[in-house]
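Please look through the sequence and the model shown below before reading on. The paragraphs that follow lead from charged pairs to aromatic rings and then to a helix.

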Amino acid sequence: MLQKKPLLGRLSLLAAALIWGSSFFVMKSAVSAIPVFWLLGFRFTVGFGLLAVIFCGRWKRLKWRMLGHGCLCGVLLGVAYIVQTFGLRDTTPGKNAFLTAAYCVLAPFVSWLFLRRRPGWWNWAAALLCLAGVGMVSLDGSLTMNRGDALTLVGAVFYAFHLVAVSRFGEEDDPVLLTMVQFGMAAVVCWGMSLLTETPPASLPMNAWGELVYLAVFATTAALLLQNVGQSVTPAAPAAILLSLESVFGVLFSVLFAGETVTGRLLAGFVTIFCAVLVSETRLSFLMSAGRGEAGA
């Protein structure tokens, strides 16, 4: 049984990346029929409710400090999703997936700003690679960026802030409780914005309900649980590689099911951003490990 755990962990992380990758084209379809704040409020509410039931025994561990940490993370998470989703309305799912992935490269610099953790050389190298990739993906001949791509990059900045906050608070808080409070707070933010700015949909087509259920149950709750299981038994470097495949799956599903066309320049930009994420997350340690393994063989 112990020998199967590493494989189980990797399969769980791959499944999480696959589900999250598929969510980009599903969200693209959903926002064409459902107001953004209402959609996200529903998604976070269902996610919170399911986790609250599954892990009901953990609520007794909740402390005021943890509640404050979770609320701050929830606000950052809600804003990140909101900005990213508005960006998705004006760009393709594939571009949205890869531009969002830039948060992995940005996070070390946010950590430097607030936690005084200086980035390593690999973070600077990743930032340069990512900048080049973003230019290939988003800039046109006049060196301007469309609204959807710009909003997606702003969303990536908020995801970076969220990642740093979760990493910091996760060192002292129960990660499952922290996640539940986050989802609850993100739902409050989205429903509040919906009440202020949107008219609730009078009715939704059946396919929209299917998309809502998929996003709430699978792309939020199930994927999160798969990630937690996978990361608990998988070393950091291979875990980062598997999770970074989310952006690759995002493009694949977008091409297969949303009719997105990938040009040579877009493909080059996607590959460059993906490489930047790998460098930032792993320092390419998996290559060095493979080299050491070959030398000893």
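A salt bridge is a side-chain nitrogen of Lys or Arg within 4 Å of a carboxyl oxygen of Asp or Glu. In this predicted model, D173 and R65 meet that description, for their closest N and O atoms are 3.3 Å apart. Because D173 lies in the loop between α7 and α8 while R65 belongs to helix α3, the pair ties together parts that are 108 residues apart in sequence. D173 is buried, with a relative accessible area of 4%, whereas R65, at 42%, counts as partly exposed. Both residues also belong to a network of salt bridges that links R65, R168, E172 and D173.

The structure as a whole holds seven salt bridges. Which residues pair with D174? One partner is R58, with the closest N and O atoms 3.1 Å apart. This pair links distant parts of the chain, since R58 sits in the loop between α2 (36–54) and α3 (64–88) and D174 in the loop between α7 and α8 (175–197), 116 residues apart. Another partner is R61, again with 3.1 Å between the closest N and O atoms. Here too distant parts are linked: R61 is in the loop between α2 and α3, 113 residues from D174. D174 is buried, with a relative accessible area of 12%. R58, at 24%, is partly exposed, and R61 counts as partly exposed at 45% relative accessibility.

Aromatic rings form a further set of links. A pair of aromatic rings is described by the distance of the centres and the angle of the planes. A search of the whole structure finds 19 aromatic pairs. In one of them, the rings of F114 and F161 have centres 5.6 Å apart and planes at 70°, so the pair is edge-to-face. F114 lies in helix α5 (residues 103–115) and F161 in helix α7 (residues 147–170), 47 residues apart, and the pair thus links distant parts of the chain. F114 counts as exposed at 53% relative accessibility, while F161 is partly exposed at 26%. Elsewhere, ring pairs join F44, Y81, Y103, Y159 and F183 into a cluster.

The last stop is helix α9 (residues 206–233), where Q227 is found. Is Q227 buried or exposed? Its relative accessible area is 18%, so Q227 is buried. Apart from neighbours within four places in sequence, Q227 is in contact with L13, A16, W20 and L243. V229 lies in helix α9 as well, but counts as partly exposed at 40% relative accessibility.

Key. Residues are numbered from 1 along each chain as its sequence is written. This is a predicted model: local features need pLDDT of at least 70, side-chain atom pairs count only at pLDDT 80 or more; totals for chains, interfaces and linings use all residues. Side-chain values use heavy atoms; hydrogens and water are left out. Helices (H or I, at least four residues) and strands (E, at least two) are DSSP runs, numbered from the N terminus. Buried means under 20% relative accessible area, exposed over 50%, partly exposed in between (1.4 Å probe, protein chains only). Contact means heavy atoms within 4.5 Å. Rings of Phe, Tyr and Trp (its six-membered ring) pair if their centres lie within 6.5 Å; planes under 30 degrees apart count as stacked, over 60 as edge-to-face and the rest as tilted.
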